[in-house]
Amino acid sequence: KTFVRPILSSCRMFHHTPVQRLTEAGKWVVLECASEDRSRGYAGIFRLAGATGQVYHFYPKGLDASRRYRLTYDTAKRSQEKDGGTLLDEGLRVHVPGALTSELLLFEAL
């Protein structure tokens with residue numbers, strides 16, 4: 001509530017995966033929201049039943065290359081710091097161990 005709610009009404013939303021058809025198992029659904037000033041954002045990475053691997057290579061779109069971010073893996077309960085430029089250029093390998101599970105990533109500029 002304290003992280004998402006303040007930016008939800010004015011955030012920019014990025015759809016990283018295509019629309020999923022209800023008649024197909026689907027692989028991944030990835031949605032990202034970022035504040036207008038690119039100081040914070042979050043992404044939900046959802047592994048669907050049709051995904052064959054446990055890793056999604058995520059390239060954020062709503063960050064500032066000149067900033068450094070605290071990146072929190074909310075589901076895995078761990079965090080680290082990374083440069084925005086590195087995140088934009090190299091992305092992140094996000095581990096989602098089981099079908100129909102997810103990881104919530106939180107980005108906050110330092």
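**View 1. Leu 104 in strand E8 of the predicted model**. In this predicted model, Leu 104 is part of strand E8, and with a relative accessibility of 28% the residue counts as partly exposed. When residues up to four places away in sequence are not counted, Leu 104 touches Tyr 42 and Ala 43, together with Thr 72, Tyr 73, Asp 74 and Thr 75. Gly 26, which is 78 residues from Leu 104 along the chain, has its C-alpha atom 19 Å from the C-alpha atom of Leu 104.

**View 2. The nonpolar cores**. The largest nonpolar core holds 17 residues, and those with the most contacts inside it are Ile 45, Phe 58, Leu 92, Leu 105 and Phe 107. Two or more residues of this core are given by each of the elements E2, E3, E4, E5, strand E7 (92-95) and strand E8 (101-109). The largest share, three residues, comes from E5. Another core, of six residues, lies apart from the largest one, and Phe 3, Cys 11, Cys 33 and Leu 106 are among its members.

**View 3. The cysteines Cys 11 and Cys 33**. How many disulfides does the model contain? The count comes to zero, and Cys 11 is accordingly listed in no disulfide, with the sulfur of Cys 33 as the nearest cysteine sulfur, 3.8 Å away. Seen from the side of Cys 33, the closest cysteine sulfur is that of Cys 11, and the separation of 3.8 Å is too far for a bond, because a disulfide requires the two sulfur atoms to be within 2.5 Å. Cys 33 is buried, its relative accessible area being 3%, and both Cys 11 and Cys 33 are among the residues of the six-residue core.

**View 4. The aromatic pair of Trp 28 and Tyr 56**. The count of aromatic pairs comes to two. In one of them, formed by Trp 28 and Tyr 56, the ring centres are 5.3 Å apart and the planes stand at 50°, so the pair is tilted. Trp 28 belongs to strand E2 and Tyr 56 to strand E4 (residues 55-58), so the pair ties together parts of the chain that are 28 residues apart in sequence. Both partners are buried, Trp 28 at 12% relative accessibility and Tyr 56 with a relative accessible area of 15%.

**View 5. His 16 and its surroundings**. His 16 is found in the loop between strand E1 (12-15) and E2, and at 17% relative accessibility this histidine counts as buried. The side chains of His 16 and Glu 32 are joined by a polar contact of 2.7 Å. With neighbours within four places in sequence left aside, the residues in contact with His 16 are Val 30, Glu 32, Tyr 56, Phe 58, Tyr 59, Pro 60 and Lys 61. Of these contacts, Tyr 56 is the partner of Trp 28 in the tilted ring pair, and Phe 58 is listed among the residues with the most contacts inside the largest nonpolar core.

**View 6. The loop between strands E2 and E3**. Ser 35 has its place in the loop that runs between strand E2 (28-34) and strand E3 (40-47). Is this serine buried or exposed? At 7% relative accessibility, Ser 35 counts as buried. Its side chain reaches the backbone nitrogen of Ser 39 at 3.2 Å, and, neighbours within four places in sequence aside, Ser 35 is in contact with Ile 7 and Arg 40. Arg 38 is found in the loop between E2 and E3 as well, and with a relative accessible area of 26% this arginine is partly exposed. Most residues other than glycine have a negative phi. Phi of Arg 38, however, has a positive value, near 65°.

**View 7. The loop between strands E5 and E6**. Lys 77 lies in the loop between strand E5 (68-73) and strand E6 (78-83), where, at 65% relative accessibility, the lysine counts as exposed. Phi of Lys 77 is near 60°, again a positive value in a residue other than glycine.

**View 8. Arginines placed over aromatic rings**. The charged end of Arg 40 sits over the ring of Phe 3, at 4.1 Å from the ring centre. Arg 40 is also one of the residues in contact with Ser 35, and Phe 3 is one of the members of the six-residue core. Arg 78 lies over the face of Tyr 73, with a distance of 3.9 Å to the ring centre, and Tyr 73 is also among the residues that Leu 104 touches.

Technical notes
Residues numbered from 1 in each chain as written. Predicted model: local features only at pLDDT ≥ 70, side-chain atom pairs only at ≥ 80, totals over all residues. Heavy atoms only, no water. Helix = DSSP H or I, 4+ residues; strand = E, 2+ residues; numbered from the N terminus. Buried < 20%, exposed > 50% of the residue type's maximum accessible area, 1.4 Å probe, protein only. Polar contact = N/O pair within 3.5 Å; in protein donor to acceptor, adjacent residues only side chain to side chain. Contact = heavy atoms within 4.5 Å. Phe/Tyr/Trp six-rings, centres within 6.5 Å; stacked < 30°, edge-to-face > 60°. Lys NZ or Arg CZ within 6 Å of the ring centre and 35° of its normal. Core = buried A, V, L, I, M, F, W, Y, C linked by side-chain atoms within 4.5 Å.
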